[in-house]
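Please read them with the structure open.

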Amino acid sequence: MTDPGSPLKPQFDDLAQQHASDELGMWLFLCTEILLFGALFLGYTAYRLAYHAAFALGSARTDMLLGTVNTAVLLTSSLTMALAVQAARGSDRRGTLRLLLLTALLGLVFLGIKGTEYVLDYRHALVPGLNFADAGPHASGVALFFVLYFVMTGLHAVHLLIGIGLVLV
C-alpha cells in the first residue's frame, strides 16, 4: 500500500513508470488531436482548392479585425500557459496561479469575441441551415465555406471550454 501523501498512484510500481504512463497518455492525446484537426484542415484545403472563387468570397465576408484580435488573444493565452508551466516547474505557486487565471480569462475573452463574430454572421445571413442568404453564382460554395468555418471554429470553442475548465481545476 502506498503512502497517502506520496505522489505515486497505487497502480504504478514506481514514479518512473508513472511518469512514462503520463507521457504516453499525453502523446496519444496529442496524436488524436492532430488526426481530428488534421482531417478538418485537409478537408478545408481540398474544398478551398475545388471551390477557390466561392471560398474567396466567403472568407472576404468574415470580420478581419475580430479575427486578428482573436488570433492575438489566442497566441497570448498560449504564452501565459507556457509561462504558467515554467512557474510551476520553478515551484512558484502564486505566479502559477496568476498565470493560469490569466490564461483562463484570455480563453473567455476569445470565446466572447468568437460569440460576437457568430452573432454578426447570423445578422449578415451567413449561417447555413439557420440564416443564409446568398443568391450569387457561387452560393453553394460560399455556404460550404461557412459550414466548414462554423464546424471548425465551433469544435475549437468546445475544446477551449474544456481547456478553461481544466486550467481552473
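1. A residue counts as buried under 20% relative accessible area, as exposed over 50%, and as partly exposed in between. By that scale L30, at 35% relative accessibility, is partly exposed. The model is a predicted one, and the values here are computed from it.

2. L30 sits in helix α1. Together with M26, W27 and F29, L30 makes up a nonpolar patch on the surface. The accessible area of these four residues together is about 430 Å².

3. The largest pocket has a volume of about 1400 Å³. Its lining consists of 38 residues, and those closest to the centre are F37, L74, F110, H156 and L160. Two or more lining residues come from each of α1 (15–50), α3 (64–89), α4 (93–123) and α5 (139–168).

4. Which element gives the most to the lining of the largest pocket? That element is α5, with 13 residues.

5. Side chains of opposite charge can pair when their charged atoms come close. The structure holds two salt bridges. One of them joins the side chains of D134 and R61, at 3.2 Å from N to O. D134 belongs to the loop between β2 (131–132) and α5, while R61 belongs to the loop between α2 (52–60) and α3, so this pair ties together parts that are 73 residues apart in sequence.

6. Are the partners in that bridge buried or exposed, or in between? D134 has a relative accessible area of 23%, so D134 is partly exposed. R61 is also partly exposed, because its relative accessible area is 35%.

7. The side chains of E117 and K114 form a salt bridge too, at 2.9 Å from N to O. Both residues are in helix α4, three residues apart, so about one helical turn separates them.

Technical notes. Residues numbered from 1 in each chain as written. Predicted model: local features only at pLDDT ≥ 70, side-chain atom pairs only at ≥ 80, totals over all residues. Heavy atoms only, no water. 1 Å grid on protein atoms, 1.4 Å probe; cavity = no way out; pocket = protein on both sides within 12 Å on 5 of 7 lines; lining within 4 Å. Points joined across faces, edges and corners; volume = space filled by probe spheres on them. Helix = DSSP H or I, 4+ residues; strand = E, 2+ residues; numbered from the N terminus. Patch = residues over 30% accessible without salt bridge, like charges linked within 9 Å, V, L, I, M, F, W, Y side chains within 5 Å. Areas by Shrake-Rupley, 256 points an atom, 1.4 Å probe, with all protein chains shown as cover. Buried < 20%, exposed > 50% of the residue type's maximum accessible area, 1.4 Å probe, protein only.
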